[in-house]
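Student: I am new to this structure and would like to understand the terms used to describe it. Could we begin with the terms themselves?

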Amino acid sequence: MARRETLLKILDLARWAPSGDNTQPWRFEIAADEHIVIHGNDTREWCLYDFNGHASHMAHGALLETLRIAATGEGLAASWSLRPGSSDKAPVFDVRLEARPGMAPDPLLPFIESRVVQRRPMRTTPLTAAQRQALSAAPGPGYSISLFESSAERRQVAGFLWRSAYVRLTCPEAYPVHKEIIEWRTRFSKDRIPEQAVGVDGATARLMEWVMASWGRVQFFNKYLFGTIAPRIQLDYIPARACAAHVLVKADVPARSLEDHVRGGIALQRVWLTAASVGLHLQPEMTPLIFRWYARAGLTFSSVPKINAGALALADEFERIGGFGPDQGLTFFCRVGVSDAPRSRSLRKSVDELMLTGR
């Protein structure tokens with residue numbers, strides 16, 4: 001049986017799992033010595049990027065996989081199940097732990113805390129054969145990856161992300177999210193993205209802070225002062241060129257259920273931790289994938305027709321670049337490369353803050 005202190009130690013590592021904009025859509029409950037309960041939530045009510053809660057469901061999967069890996073360090077095998085009757089807006093996951101004497105720690109265990117987002121340019125040093133093989137195997141059964149490595153491929157992806165960023169930055173429904181997720185003038189943030197981790201220079205950060213104080217300012221700058229140019233160059237185009245490769249994780253069967261998206265999050269976290277284990281940093285590039293989710297579901301997300309048309313055009317372009325059709329399931333899109341460790345990063349709420357009160 002696991003002692004409470006051991007479970008708290010496991011949860012202290014598990015909380016480092018990634019989530020969209022560091023939202024941490026989960027709370028913990030220790031139900032028994034061998035039973036942890038994860039109470040999930042989602043951000044679909046206020047976050048454009050949490051389409052049908054799927055981004056949060058993937059974060060739940062990343063958390064469950066991180067917990068499983070962390071448990072191996074204590075000689076425990078962790079397995080999870082979705083509690084019957086759970087709402088997809090507030091799924092409950094029961095995690096059972098079983099002692100396994102002699103169990104070896106998972107090789108990815110040392111990288112749980114060191115895994116970070118690198119939003120700044122990386123070196124264009126090509127992937128080694130070992131790195132390529134590790135990334136290909138990382139998602140596990142049911143998934144495959146495509147790599148966009150050559151200079152021409154990275155240039156093509158950069159142009160695609162440039163156009164995707166225009167839709168993102170001119171969408172009125174995305175503005176409240178962008179305004180909320182950045183903690184300005186900070187190096188670290190426990191519940192948002194700190195300014196210094198965003199990936200822009202200091203002058204651009206000050207301008208962004210001022211402009212993003214109101215949607216009216218954003219519209220004025222976008223219309224009359226080319227307001228999207230500087231952030232798109234620094235946040236999208238240059239980083240897309242300055243990396244070793246872009247990595248696309250594809251699902252053999254498109255995700256339909258909540259559990260499918262949870263398993264997609266497990267694959268996502270395994271790719272990220274594996275990248276760290278072979279000396280690579282990583283930055284997610286999920287926005288165009290999420291726009292494609294809306295487009296292929298026949299749904300709109302903006303009151304501005306041009307924005308919705310742009311999302312549909314991006315879905316078509318994504319499929320041309322990747323060489324797949326509208327029915328292909330896409331799980332994760334990111335760029336990887338060698339770089340110095342970021343000086344700024346998102347932290348996490350403490351286990352005490354994440355523990356469900358009154359339980």
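Tutor: A polar contact is a pair of N or O atoms within 3.5 Å; within protein, one must be able to donate a hydrogen and the other to accept it, and residues adjacent in sequence count only if both atoms are side-chain atoms. Helices (H or I, at least four residues) and strands (E, at least two) are DSSP runs, numbered from the N terminus. This is a predicted model, in which local features need pLDDT of at least 70 and side-chain atom pairs pLDDT 80 or more, while totals for chains, interfaces and linings use all residues. Residues are numbered from 1 along each chain as its sequence is written, and side-chain values use heavy atoms, without hydrogens and water.

Student: What does D201 reach at the start of α6?

Tutor: A side-chain oxygen of D201 comes to within 3.3 Å of the backbone nitrogen of A203.

Student: Which residues of helix α6 are buried?

Tutor: In α6 (residues 202–211), the buried residues are T204, A205, M208 and V211. Buried means under 20% relative accessible area, exposed over 50%, and partly exposed in between (1.4 Å probe, protein chains only).

Student: What puts them on the same side of α6?

Tutor: They cover an arc of only 135 degrees around the axis, so they lie on the same side of α6. The arc is that of the directions from the helix axis to the C-beta atoms.

Student: Why is the pair of W80 and F93 called edge-to-face?

Tutor: Rings of Phe, Tyr and Trp (its six-membered ring) pair if their centres lie within 6.5 Å; planes under 30 degrees apart count as stacked, over 60 as edge-to-face and the rest as tilted. The centres of W80 and F93 are 5.9 Å apart and the planes stand at 75 degrees, so the pair is edge-to-face. W80 lies in strand β3 (residues 76–82) and F93 in strand β4 (residues 92–99), 13 residues apart.

Student: Is W80 buried or partly exposed?

Tutor: W80 has a relative accessible area of 21%, so W80 is partly exposed. F93, at 0%, counts as buried.

Student: How do you know that F148 and F333 are edge-to-face?

Tutor: Their centres are 6.4 Å apart, with 90 degrees between the planes. F148 is in strand β5 and F333 in strand β11, 185 residues apart.

Student: What is the order of the strands in the open sheet?

Tutor: The order is β5-β9-β11-β10, with antiparallel pairing. Two strands pair if DSSP finds at least two bridges between them; β9 (residues 245–251) and β11 (residues 329–337) pair over seven bridges.
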